[in-house]
Amino acid sequence: MRYRLTFVAGLALGYVLGTRAGRERYEQLKKSAREISQNPAVRNTVESATQQGREVAGKAFHSVSDKVGEKMPDSVAERVRSLRQRGQGDAEDDWGTSNT
């Protein structure tokens with residue numbers, strides 16, 4: 001209950017401060033966020049972190065697969081296969097980076 005009350009109080013405080021700041025401040029924050037996300041250094045860092053995450057996930061997948069073996073239900077195995085196949089395309093993700 002205490003956490004819920006804290007969350008609601010934070011939400012109300014954010015709303016009040018947001019409405020006082022107005023549309024101009026919102027647009028300013030939006031522009032800053034866009035500039036940061038388009039910065040080449042930030043984009044490279046995001047791509048690097050994404051690639052490392054994929055490598056770790058792949059290692060974890062193989063480790064778990066070796067330990068679980070044939071004990072995995074067919075429905076789960078089929079989902080994993082379909083997700084792996086879907087992720088093999090060269091389409092861009094939400095960040096505009098390639099899925100390589």
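Me: What does the accessible surface of the chain come to, and what share belongs to carbon and sulfur atoms?

Reply: The accessible surface of this predicted model comes to about 9100 Å². Carbon and sulfur atoms hold 57% of that area.

Me: How many of the residues count as buried?

Reply: Buried means under 20% relative accessible area. Of the 100 residues in the chain, 2% fall in that class.

Me: Which elements make up the chain?

Reply: The chain has 3 helices and 0 strands. From the N terminus, the order is α-α-α.

Me: How far can I trust the coordinates?

Reply: Where pLDDT is low, predicted coordinates should not be read in detail. Here the chain mean is 79, and 84% of residues reach 70 or more. Confidence is highest in α2, at a mean of 86. It is lowest in helix α3 (residues 74-86), at 76.

Me: Which residue caps the N-terminal end of α2?

Reply: N39 does. One of its side-chain oxygens lies 2.9 Å from the backbone nitrogen of A41.

Me: Which residues form a nonpolar patch on the surface?

Reply: An α-helix has 3.6 residues a turn, so residues three or four places apart point the same way. In this model, F7, V8 and L11 form the patch, with about 320 Å² of accessible area together. V8 sits in helix α1 (residues 2-37).

Me: Why does V8 count as partly exposed?

Reply: Because its relative accessibility is 46%.

Technical notes
Residues are numbered from 1 along each chain as its sequence is written. This is a predicted model: local features need pLDDT of at least 70, side-chain atom pairs count only at pLDDT 80 or more; totals for chains, interfaces and linings use all residues. Side-chain values use heavy atoms; hydrogens and water are left out. Patches are made of residues with over 30% relative accessible area and no salt bridge: like charges are joined within 9 Å, nonpolar side chains (Val, Leu, Ile, Met, Phe, Trp, Tyr) within 5 Å. Accessible areas come from the Shrake-Rupley method with a 1.4 Å probe; for residues, only the protein chains shown count as cover. A salt bridge is a side-chain nitrogen of Lys or Arg within 4 Å of a carboxyl oxygen of Asp or Glu. Helices (H or I, at least four residues) and strands (E, at least two) are DSSP runs, numbered from the N terminus. Buried means under 20% relative accessible area, exposed over 50%, partly exposed in between (1.4 Å probe, protein chains only). A polar contact is a pair of N or O atoms within 3.5 Å; within protein, one must be able to donate a hydrogen and the other to accept it, and residues adjacent in sequence count only if both atoms are side-chain atoms. pLDDT is the predictor's confidence in each residue, from 0 to 100.
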